[in-house]
Amino acid sequence: MTEQFDYTTTEHVLTPGGQSPAESAEQAAAGEAVFGERVRAEARSIIERYPESRSALLPMLHLVQSVQGHVTAEGMRFCAEQLALSTAEVNAVATFYTMYKRQPCGQFLVSVCTNTLCAAMGGDGIYRALSEELGAGHEETAGTPGAEGSVTLEHAECLAACDFAPVLQVNYEYFDNQTAESALETVRALRRGERPLPSRGAPLTDFRDTERQLAGFFDGPGAEEAAESSAAAPETVRGAELAREQGWNAPPMPDEVEFPPIPEKK
């Protein structure tokens, strides 16, 4: 697909390469059917949150995932059209962040932290055990994507919870201090249609419902609990609380600071 962008306006034209007019029309009609007026209205409401429309791209990609279960070429074209961006710009963002999935995702996304500390504490063993249980590797799904009890497994580079290592997340909710046995129990419960409670944060919802919340819409199943919940753990914020109790503060910035001279370029 080639693209022409008129930099004097906010409009751009997509010119499909190697496609007949009938194929292009069929593709456009398919996008219109998936991203109907309700989704387009929600996209406009996302854009209105930001002074620059292009800043809405991240939540809009979450909106696309809430509709389709992953980010498709069709979804990227939708974002480009709404934000007056090129599809190349949208693709660059969608492929940079691992939270945007390029393959259909299961009802539950299970992310196992295998970064240094979690790996040393057993994260690698947890991932191996789940991979064998599910018969799935990284970003692969056990079951039909989106169907009841389907699970997508992934390595996570870091889940920012080293104080509870090893950890995993289910649809971005934390399960702390895991073992291979506890992780297997959680995944087996998911596949039976159960919803184990996370260690902290909101009760589990389906992947698409979670994506809708990440897009900023708290109107679906579990949304009220998610809006009121917090994933902050007492252990994590204990240092800040101790500083408040003791009256500790960072030293104030002096009014004037003498900076070292900048070396001359040679």
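Let's start at G135: just after helix α6, G135 takes a positive phi of about 65 degrees. Helices here are DSSP runs of H or I with at least four residues, strands are E runs of at least two, and both are numbered from the N terminus.

Before going on, a word on the model. It's predicted, so local features need pLDDT of at least 70 and side-chain atom pairs count only at pLDDT 80 or more, while totals for chains, interfaces and linings use all residues. Residues are numbered from 1 along each chain as its sequence is written, and side-chain values use heavy atoms, with hydrogens and water left out.

Back to α6, then. This helix covers residues 116-134, and at G122 it bends by about 75 degrees; that's the angle between axes fitted to the seven residues ending there and the seven starting there.

Which residues of α6 are buried? They are C118, G123, I126, Y127, A129, L130 and L134. Buried means under 20% relative accessible area, exposed over 50%, and partly exposed in between, with a 1.4 Å probe and protein chains only. Their cover includes β3 (108-113), β4 (140-142), β5 (151-156), β6 (168-170) and α7 (180-191).

Now over to helix α5, residues 87-96, where F96 sits. F96 is exposed, at a relative accessible area of 61%.

Zooming out, the chain has 10 helices and 7 strands. It has 266 residues, and 39% of them count as buried. Take the contacts (heavy atoms within 4.5 Å) with a separation of 6 or more: 61% are between residues 24 or more positions apart.
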